[in-house]
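The following paragraphs lead through selected features of the structure shown below.

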Amino acid sequence: MVATLEMPKTETPAHAKHHNPEHILKIGMGFWASKTVLTAVHFQLFTLLAKQPLSGSQIRQTLGLHERAYLDFLDALVSLGFLTRKGLGADGVYSNSSDADFFLDKNKPSYLGGILEMCNTRLYRFWADLDEGLKTGLPQNEIKYAKPGSGNQFDAIYSNPDSLAEFLQAMSGVQMGAFMAFAKQFDFSKYTTFCDVGGANGSLCVQVAMNHPHMQCLNFDLPVVEQVTRKTIEKFDLSSRVKTTGGDFFKDALPQSDVITMGNILHDWNDAEKLVLIKKAYDALPKGGAFVCIENIIDNNRSENTFGLLMSLNMLIETKTGADFTFNDFDRLAHQAGFSKTEWLPLAGPTSAAVAYK
C-alpha cells in the first residue's frame, strides 16, 4: 500500500475573493477609450450619422478609413455606448446613440463637442506632462514655451483666430448642458437684467433670453470676442434682447445688472483673484441682486465630484495659479466680498451653480 500525501487546505480570505482588476484597468488605460471618442468627434462621425444611418463600408468610404481596423473603431464606439448597430461586419448599419445624437451632432444647438475637439487638438497632449506639472506647479500648455512675463494663459489662445474660435466653442460646449439647466431652474421672475461675465460666444445669454422673454441680457467679454458673440445672437434672432460689450473684467468695472453670472471663470484664478472678481460682481449688483458661479463645484468632502477634481488638475495644466473649489470655499469668499446669503443649485451632471445674494 502506497501512502499518499495530501496538501494542507488553505482558506482564501473572504475579502480576496472579491478582488477585481476591472476598475484599475478601465481607469488606468482609459486613454484608449478617450482617444477613440475624440477621434470620432474629430472625424465628425456623429454629425455624419445624424443625417442618416450608414453601413460600416459606407462610413469607411466617406471618412477615408483604412480597411484594417475601421470595424474595430466603429464597434468600440458601439460598446462604449456612442453608436448602435444592426447586423455585423461591413454591412452592419450604424446609428448614433440618443445622447451622441443630441450632444455630438455639430449642426444641433445642443452640440458640446467643442470641448472634445479642444481636448483632441490641445489637452490630450498637454496632459501627458501631468507628472511634470505636479512636480513643478507650473502649467504644461502653450505657456510652458512662452517667454517669461509674456502674459496670462489666454494670450496665446486669443492671439490666433483659429485657436480663439476653437476655445470659445469648447467653453460653450462644456457648459451647454449646465446653461440649459440653469436657464430653466433659476428663478428670474423678480429680475429684468442679466449679464454673463466672460460669456464667450453668448450661449448662456441666449439660453436665458429664450426661456425668459422679459429678460434683457448682456454678454461681457474681451473686445476680440464680440464678433463671434454677435454671430451667435443673430443665429437665434435675439438681437433685440441680447447685447454684447467688450471689456476686461480685471481692469474694468462690470456692467450693472440684476443678475451677474460667471461660467468656468473663477477656477482660472487663485483665491485672491477670485475674491477680486466676486467683489466686482457685488459692486455691480443692486440690493437683492444675485451673483451666480456656474462650475464643476467640488463637493465639500472632496471625494465625490470626480470631474470637478480632475478639472482642477486641468487648471494646473492650463493656468498659472487656477484651481477649482468647493461650495464652502465659494461661501467663504462670497461673504468676504459682502454677500449676505449663498445657496447651491445642482444643474447638469457634475456642474452646479453657487449663488450669492446681495
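L25, M29, F31 and W32 form a nonpolar patch on the surface, with about 430 Å² of accessible area together. Such a patch joins nonpolar side chains (Val, Leu, Ile, Met, Phe, Trp, Tyr) within 5 Å, from residues with over 30% relative accessible area and no salt bridge; areas come from the Shrake-Rupley method with a 1.4 Å probe. The model is predicted, with pLDDT of at least 70 needed for local features and 80 or more for side-chain atom pairs, while totals for chains, interfaces and linings use all residues. Residues are numbered from 1 along each chain as its sequence is written, and side-chain values use heavy atoms, without hydrogens and water.

L25 lies in helix α1 (residues 22–28), helices being DSSP runs (H or I) of at least four residues. At 48% relative accessible area, L25 is partly exposed, a class between buried (under 20%) and exposed (over 50%).

In helix α2, the buried residues are T36, V37, L38, T39, A40 and V41. Their cover includes α3 (45–51), α5 (70–79) and α7 (113–126). After α2 comes Q44, with a positive phi near 60°.

The whole structure holds 12 salt bridges, each a side-chain nitrogen of Lys or Arg within 4 Å of a carboxyl oxygen of Asp or Glu. One of them pairs D271 with R332 at 3.3 Å, N to O. Because D271 belongs to helix α13 (residues 271–284) and R332 to helix α15 (residues 327–337), this pair ties together parts 61 residues apart in sequence. K279 and D283 also form a salt bridge, at 2.9 Å; they stand 4 residues apart in helix α13, about one helical turn.

Key
Buried means under 20% relative accessible area, exposed over 50%, partly exposed in between (1.4 Å probe, protein chains only). Helices (H or I, at least four residues) and strands (E, at least two) are DSSP runs, numbered from the N terminus. Contact means heavy atoms within 4.5 Å. Patches are made of residues with over 30% relative accessible area and no salt bridge: like charges are joined within 9 Å, nonpolar side chains (Val, Leu, Ile, Met, Phe, Trp, Tyr) within 5 Å.
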